Amino acid sequence: HHWQSDWLLGFGWDENLWKEGQKPHRSQLDQIWPNQPVCFSRADGHAFWVNSEVLRRLGWRKGQKPPSVSGGQVVLDGEGQPSGVFVDRAKAPIEALLPELSDQQICAYLLKGLQIFNRAGFTHLRDLGGEERHWQEACRLDQSGLLTAAIEQFFFVNDPENYNQALQLALKARQDHWQNLRVGGVKVFLDGALGSEGALLSSCYHGSGSHHHSDHSYREQHRGLSLMGDELLEEILCRCWEQEMPVAVHVIGDEACHRVVVKAAELWERGLEGDLHLEHAQMLRPETLDLMRGRSVFCHMQPCHWLSDRLWLRDKLGPELYSHVFPWRRLQEASIAFDFGSDSPIAPASVGDNFMALQGSAQEGIAPLLGSPNSYHCHSDSHWAPNSFTQFDSDWQVQRVVFRGQDIPLD
């Protein structure tokens, strides 16, 4: 588990913010790092940008055509060669090469994460990236009184085929009883993100905002990526729900949301009870909402994504699909449960950004939220970690954070 220092890892690039027509390519990285493996994760976490050294380590030879990947995309350049950008499931071979973190590093990252969230005013978190060693370190922190947030842990695996691994971990972890840790369920991905055009839509991406439209990587017309088939999705829902384990599914595109809800509704009709969490649910069609009414389904949304997506969203989706985005008002009207979070590190941990996005989006034609957004930022279980609260000033700057009656230092 020692960190191999020759890898350079980074996070946060977004070609939508670059000069017109600029695209990530391995040659840009090769100029600076000709011999060191470099892997940078896109701002949405759904694509890697690597240099030629990583391709060499993957065993790629110049002139070789990369294999097609189900649920993923190896983006090709003008010469039909890998550009160095790997989207969604195509990232898996690179992930297998990345050096593993040590227990000490995992612990240090957890503490750093707590500090970031606490300073932003968060006292309760849903962590959707849980793995075994990650959980063990979190338990150690809670045991030593260093966990300054109440954390719902969802267990996740990169490849949905291996969902049973996450389910077994979740079942085992559920037997532990900790003050500030709870098992939330199992997390899987059904589609990608809108920024990297992996979100699964019911009709094609289009407009100049469709930044792949001139690449050879995607067909001229494409609808995004499906990261698993209906049979596997059904199996995951059945197996988890039989064990009374909630399932959280990453869904951003309207078609991804619809597919999950249709499948869940079939199982509910057959009498199989189970909680379904839709992560993001950034686009919902009316017929999807109809199937969700009165069901055990919860949406977890991040209004702050509007702040970045608004620059290209209308252009990328076209008017009809755009009418389905950021559906908080329609969820309210249908009495479907939802809450607001940050999606950090994809967006900054910030309650203020959510409020800003809710105001700004309402001015730009997104149906406005009714009433105060405050309740959607509060945890639904007021008995868990009681006497935990945050005080903000009128500009949504954090003034004071209290967790279980103790003030958290903000400096």
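Q: Leaving aside neighbours within four places in sequence, which residues is His 250 in contact with?
A: His 250 is in contact (heavy atoms within 4.5 Å) with His 46, Lys 187, Val 188, Phe 189, Leu 190, Asp 191, Gly 192, Glu 279 and His 280. This is a predicted model, in which local features need pLDDT of at least 70, side-chain atom pairs count only at pLDDT 80 or more, and totals for chains, interfaces and linings use all residues. Residues are numbered from 1 along each chain as its sequence is written, and side-chain values use heavy atoms, with hydrogens and water left out.

Q: Why is His 250 called buried?
A: Its relative accessibility is 2%, and buried means under 20% relative accessible area (1.4 Å probe, protein chains only); therefore His 250 counts as buried.

Q: How far from a polar atom of the side chain of His 250 is the backbone oxygen of Gly 192?
A: The two atoms lie 3.1 Å apart.

Q: Why does Phe 122 count as buried?
A: Phe 122 has 13% relative accessibility, so it also falls in the buried class. Phe 122 is placed in the loop between H4 and strand S6 (124-130). Its contacts beyond four places in sequence include Ser 342 and Val 351.

Q: What describes the packing of two helices?
A: The angle and the distance between their axes describe it. For H4 (residues 103-119) and H5 (residues 132-143), the axes come within 9 Å and cross at roughly 65°.

Q: Which residues in H4 meet residues in H5?
A: Asp 103, Ile 106, Cys 107, Leu 110 and Leu 111 in H4 meet Arg 133, His 134, Glu 137, Ala 138 and Leu 141 in H5.

Key
Axes fitted to C-alpha atoms, helices over the stretch in contact; angles between N-to-C directions. Helix = DSSP H or I, 4+ residues; strand = E, 2+ residues; numbered from the N terminus. Buried < 20%, exposed > 50% of the residue type's maximum accessible area, 1.4 Å probe, protein only. Polar contact = N/O pair within 3.5 Å; in protein donor to acceptor, adjacent residues only side chain to side chain.
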